[in-house]
Amino acid sequence: MVAKRILFITQEITPYLPETEISCICRKLPQGIQDRGREIRTFMPRYGLINERRNQLHEVIRLSGMNLIIDDTDHPLIIKVASIQSARMQVYFIDNDDFFQRKFTVQDDDGKEFEDNDERAMFYVRGVLETVKKLRWIPDLVHCHGWLSALAPIYLKKMYADDPGFAGAKIVYSVYADAYQKSLNESLARKLKLDGMTEKDLQLIKTSTDFDALSSLAIRYSDGVIQGSHGISQKVTEFIEKENKPFLPYHPETSYVDVYNDFYDQILNSK
């Protein structure tokens with residue numbers, strides 16, 4: 001088998017964050033895929049509660065310094081990196097004082113979700129894609145985990161469609177039971193139009209920006225879909241069936257690495 005390059009855009013990874021379904025999969029899966037002969041790059045946000053000293057994060061100066069414009073406002077992009085020694089695996093972190101300085105992930109201490117989670121998702125995804133371009137590393141397949149990565153498929157298929165670094169990349173989206181409770185900012189579609197997307201591109205989030213709508217948008221612009229949690233939204237399940245995309249049902253921890261690896265080949269070999 002010819003080695004292929006897999007880019008992981010993840011919402012969370014242990015040991016940098018507590019163990020959850022997503023953080024554990026996103027810790028073990030990239031290592032397992034790398035062990036099976038593929039080349040990987042793995043990204044996550046540098047949330048403010050991550051202890052940089054204990055986890056030995058350091059800034060990558062040559063990759064930092066770019067400004068990303070989100071809703072007509074400049075936001076500096078800072079790139080950090082750390083290594084999981086036992087896995088021989090590097091993790092890149094997307095950082096910015098406006099979006100990721102607070103000592104929480106996507107909600108505050110009272111469980112209230114942040115009003116700017118839409119812009120944080122936009123900045124995170126664009127930060128990953130711009131960093132991968134700077135690395136001059138061309139992925140064959142992009143695997144997105146967690147709703148904070150849900151805008152990656154539409155960005156790749158629209159804003160970055162003609163970029164030689166991404167034009168041939170296949171996209172897989174994993175759907176988890178990680179639903180947010182409060183809809184994202186209703187101006188999300190307007191902000192995405194500033195990045196070149198059209199009314200037609202954004203039909204699925206025109207009337208709602210709830211979790212089901214955002215998941216559906218990610219699924220529509222993906223080449224394959226994986227059920228990452230045992231139980232996912234019924235509406236999302238119905239949308240997957242309607243879209244008729246290559247689909248991998250839920251697999252338990254004991255078997256998913258090999259199954260995912262085979263699914264990548266299926267997607268990479270599809271027309």
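A crossing of two helices is right-handed if the near helix is turned clockwise from the far one by less than a right angle, and left-handed if anticlockwise. With that in hand, welcome to this predicted model, in which local features need pLDDT of at least 70, side-chain atom pairs count only at pLDDT 80 or more, and totals for chains, interfaces and linings use all residues. Residues are numbered from 1 along each chain as its sequence is written, and side-chain values use heavy atoms, leaving out hydrogens and water.

**Helices α4 and α5**
- The crossing of α4 and α5 is right-handed.
- On the α4 side, the contact (heavy atoms within 4.5 Å) is made by Met122, Val125, Arg126 and Leu129; α5 brings Ala152, Tyr155, Leu156 and Met159.
- By class, this contact has 7 nonpolar residues, 1 charged and no polar.

**The nonpolar core**
- A nonpolar core is a set of buried Ala, Val, Leu, Ile, Met, Phe, Trp, Tyr and Cys residues joined through side-chain atoms within 4.5 Å, where buried means under 20% relative accessible area (1.4 Å probe, protein chains only).
- The largest such core counts 95 residues, and Tyr16, Met44 and Leu151 have the most contacts inside it.
- Helix α4 gives the most to this core, with 9 residues.
- Leaving aside residues up to four places away in sequence, Met44 touches several partners, including Tyr16, Ile50, Phe93 and Tyr124.

**Around Ala150**
- You will find Ala150 in the loop between β8 (141-145) and α5.
- Ala150 is buried, at a relative accessible area of 1%.
- Beyond residues up to four places away in sequence, Ala150 touches Tyr173, Leu214 and Ala218.
- Val175 lies 25 residues from Ala150 along the chain, and their C-alpha atoms are separated by 9.3 Å.

Conventions: Helices (H or I, at least four residues) and strands (E, at least two) are DSSP runs, numbered from the N terminus. Ala, Val, Leu, Ile, Met, Phe, Trp, Tyr, Cys and Pro count as nonpolar, Asp, Glu, Lys and Arg as charged, and the others, Gly among them, as polar. Buried means under 20% relative accessible area, exposed over 50%, partly exposed in between (1.4 Å probe, protein chains only).
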